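Reader: I am new to this structure and would like to understand how parts of it are arranged. Please take me through it in questions and answers.

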Amino acid sequence: MQAQREVDNRSNSNSSSISNSGNDHCRDGDASLIGFHADMDMFNSHHSLLCSTSAPSSTSMTSATSPPPSKIRRVISDTRISPTSTKAAPFAPFHNHHNAASPIKFRKYQADQWEARYHELIQYRETHGHCLVDSNTDRTLSHWIKRQRCQYKLKQDGNHTTLTDERQSKLESLGFVWDSHEVAWEYRYQDLLAFKARTGHTNVPTVYSNNPSLGIWVKGQRRQYRLHSSGQRSTLTAKRINRLRDIDFQWVSPSMMNRAPFPARVGLAA
């Protein structure tokens, strides 16, 4: 019985010591956590103080360096920033540099090709008396002439062109016709001259099998003359009227001679 009591006392003593040891460990752990949190609070307070004194906030920086929105809009609309300077430069309008007076440079083969076609045109004019090259006669030269007219139009519109002033002067010295509408009229006029050289008159039949386009053109000139004489809009200018008059063009067809009277010729000045 006495031995049993001694065993129970020792067991209770061990439990008490274990419990006290566990409580001591818990108190030590709580103290460690409290110390860790205190250190973190001190670090955060120092970090906040350092940031506030070394660098301004984004809000204060924006308000200190950025101009008002109205000033930004005014600067954008009135000025343009120069790439070589931080200052605002006055806005300059866009200019077409193709219109500059600097001479156009060609490669040697390009200049040689143009001169070769130009001398072919000179030979054609010496043979036919004009520069109206038909594509059926010389396809290559005809296309080159069309290209020169296209370049002339680009030049008149202020665009980049290969037609220099020198080339333009050389073509105009041959009586070169730039207007395509004028070219079409000139083609038929030359056909009429050839018809008169063969027949001795300008009364081309409306249905003319040898040159159907010439018969229709002659009829159209008479109609345009009637419009011109009545004060209506007409493609027959005074210059064209005088050129037709110079070759004794008959403004009334032979089939219409016995009908209502109509002036046969016109004497407008060029």
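This is a predicted model: local features need pLDDT of at least 70, side-chain atom pairs count only at pLDDT 80 or more; totals for chains, interfaces and linings use all residues.

Reader: How are α7 and α9 oriented to each other?
Author: Helix α7 (residues 180-199) and helix α9 (residues 238-246) have axes 12 Å apart and pack at an angle of about 10 degrees. Angles under 35 degrees count as roughly parallel. The two helices, α7 and α9, are therefore roughly parallel.

Reader: Which residues of α9 make the contact with α7?
Author: From α7, the contact involves His181, Glu182, Trp185, Glu186, Tyr189 and Leu192. By class, the contact of α7 with α9 has four nonpolar, one polar and four charged residues. On the side of α9, the residues are Arg240, Arg243 and Leu244.

Reader: Are Trp114 and Tyr118 buried or exposed?
Author: Both residues lie in helix α4 (residues 108-128), four residues apart, about one turn of the helix. Buried means under 20% relative accessible area. Trp114 has 6% relative accessibility and Tyr118 has 7%, so both count as buried.

Reader: What is the arrangement of the rings of Tyr152 and Trp178?
Author: This pair links distant parts of the chain, with Tyr152 in helix α5 (residues 139-156) and Trp178 in the loop between α6 (165-172) and α7. The ring centres are 4.3 Å apart and the planes lie at 10 degrees. Planes under 30 degrees apart count as stacked. The pair of Tyr152 and Trp178 is therefore stacked.

Reader: Which residue has its charged end over the ring of Phe106?
Author: The charged end in question is 4.0 Å from the centre of the Phe106 ring. It belongs to Arg167.

Technical notes: Residues are numbered from 1 along each chain as its sequence is written. Side-chain values use heavy atoms; hydrogens and water are left out. Axes are lines fitted to C-alpha atoms, for helices over the stretch in contact, and angles run from 0 to 180 degrees between N-to-C directions. Angles under 35 degrees count as roughly parallel, over 145 as roughly antiparallel, 65 to 115 as roughly perpendicular and the rest as oblique. Contact means heavy atoms within 4.5 Å. Ala, Val, Leu, Ile, Met, Phe, Trp, Tyr, Cys and Pro count as nonpolar, Asp, Glu, Lys and Arg as charged, and the others, Gly among them, as polar. Buried means under 20% relative accessible area, exposed over 50%, partly exposed in between (1.4 Å probe, protein chains only). Rings of Phe, Tyr and Trp (its six-membered ring) pair if their centres lie within 6.5 Å; planes under 30 degrees apart count as stacked, over 60 as edge-to-face and the rest as tilted. A charge sits over a ring if NZ of Lys or CZ of Arg is within 6 Å of the ring centre and within 35 degrees of the ring normal.
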